[in-house]
Amino acid sequence: MLSHAVIEKLEAIVGQGRVKTDIDSLATWGCDWTKHYTPAASAIVFPASTEEVQAIVLLANDEKIALVPSGGRTGLSAGAVAAHGEVVISFDRMNKVLDFWPADRMVQVQAGVVTAQLQQFAQEQGLYYPVDFASAGSSQIGGNIATNAGGIKVIRYGMTRAWVLGLTVVTGKGEILNLNKGMIKNATGYDLRHLFIGSEGTLGFITAAQIKLERPPRNLRTLLLGTSDFNSIMHVLSAFQGKLDLTAFEFFSELALQCVTASGDLARPFPDVAPFYVLLEFEALSSDTEEHAMQLFEACMEAGWVVNGVMSQNETQARNLWRLRENISETIAKFTPYKNDISVLITHVPAFIADIDAIVRTSYPDFDIVWYGHIGDGNLHLNILKPPALDKDAFFAKCQEVNRSVFETVQKYDGSISAEHGVGMTKKPYLHYTRSLDEIAYLKALKHLFDPNHIINPGKIFDQD
């Protein structure tokens with residue numbers, strides 16, 4: 001527990017009523033979407049500026065208090081969980097658009113700006129922010145940057161990293177750094193902003209970012225296809241990607257579709273049942289493009305890769321087709337799924353998923369498995385659903401027993417144990433399957449350089465020696 005004197009010092013920095021220690025607040029802001037750890041924060045602090053964050057970090061160094069960043073709390077690796085009495089720094093008040101440079105197509109936002117808020121701002125300027133995912137309505141930009149968030153448009157637009165032109169950060173030592181200052185071209189040594197992108201808040205706190213915007217896509221069409229088996233998905237990807245500039249290419253299993261349609265809000269897209277489904281999106285800039293897409297669809301049908309399909313004819317139809325993919329995470333949440341977020345080169349995906357599926361089916365013959373993901377960039381989401389009669393802790397323990405086999409397979413294909421959810425605490429024991437021991441040693445050295453007292457999000461990604 002924090003002493004009354006420390007709480008008073010924090011209130012002197014952020015103002016009365018901006019430090020919360022009640023049970024409900026500690027539980028709400030001390031966790032993220034993972035259910036593996038019980039939140040046990042000692043206080044929640046709500047700064048409103050970079051300078052207030054700096055003052056908090058300096059105080060924490062003096063008092064040897066550990067700090068944990070909190071954004072939209074949508075993480076899935078326990079990267080924002082305060083499980084050991086840490087003080088949580090919430091960025092909820094730092095939610096302003098600070099500046100906009102039309103000629104540069106660049107906007108500066110505070111870390112607490114919600115992803116959908118940035119998307120809306122871009123739209124109002126006639127522009128587009130393409131990083132998108134199901135939690136866009138609650139996730140915050142600072143957290144997106146700290147985890148290098150991906151989502152459903154990576155095949156065309158890349159990860160969050162590709163859109164960050166500048167960062168304002170407060171290091172673990174309490175220094176304010178303004179990194180890259182929004183420049184496209186800046187050949188002046190190490191680009192430190194890229195250390196903070198994907199660092200999961202372990203080097204310091206991102207307080208503001210300069211974000212690049214893009215022209216909006218035009219005349220988007222969404223095509224949903226049922227495939228005869230998983231290998232057919234890869235044939236469909238090759239066929240369409242070879243002829244069209246895709247903005248998205250997603251897949252999900254029949255069980256995933258059943259979970260979504262069971263909610264009653266959405267109907268099946270067509271009566272045929274397929275083991276897997278592909279949802280792809282492209283710009284139909286001319287009638288020829290749309291006609292070409294239909295020819296590719298028919299060719300895939302003739303090849304036996306596709307059993308049926310439907311293409312959107314208006315925005316409402318497109319939105320409902322996308323909801324079949326985007327609502328999966330929400331509709332399976334009631335089953336307390338054990339999630340793995342893994343990736344390999346697209347070349348290896350068919351063999352990789354066959355190996356993983358065999359491991360999972362052998363280890364969990366009685367468990368339901370939901371597959372979905374961003375197959376166009378090699379990212380697979382493996383979700384094991386908890387049987388109703390099985391205790392949560394026993395279920396997670398059983399799932400963790402087979403993690404070694406899953407991650408050994410990831411290592412076999414030179415893949416990643418976490419494609420876009422980060423390492424946090426849930427993947428920490430398995431980091432060596434993706435990173436060499438030499439790499440991990442460098443990561444720890446960087447952590448010590450920026451945060452010598454190890455007060456910033458300690459225990460995430462790795463344990464400091």
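On a 1 Å grid over the protein atoms alone, a pocket is an open set of points with protein on both sides within 12 Å along at least five of seven lines, and its lining residues have an atom within 4 Å of a point. The model is predicted, so local features need pLDDT of at least 70 and side-chain atom pairs count only at pLDDT 80 or more, while totals for chains, interfaces and linings use all residues. Residues are numbered from 1 along each chain as its sequence is written, and side-chain values use heavy atoms, with hydrogens and water left out.

The second largest pocket is lined by 35 residues, and G198, E200, V423, R435 and L443 lie nearest its centre. Helix α16 (437-450) gives the most to this lining, with five residues. Helices here are DSSP runs of H or I, at least four residues, and strands are runs of E, at least two, numbered from the N terminus.

Turning to the sheet, seven strands form an open arrangement in the order β13-β10-β12-β11-β15-β16-β14, with antiparallel pairing; two strands pair if DSSP finds at least two bridges between them. β13 (306-311) and β14 (338-343) stand at the edges with a single partner strand each, so one side of each is left without a neighbour in the sheet. Further in, β11 (246-253) and β12 (276-283) pair over seven bridges, and F252 has Y277 of β12 as its bridge partner.

As for T171, this residue lies in strand β7 (164-171). T171 is buried, with a relative accessible area of 1% (buried means under 20%, exposed over 50%, partly exposed in between, with a 1.4 Å probe and protein chains only).

Methods. On a 1 Å grid over the protein atoms alone, a cavity is a set of points where a 1.4 Å probe fits but cannot get out, and a pocket is an open set with protein on both sides within 12 Å along at least five of seven lines; lining residues have an atom within 4 Å of a point.
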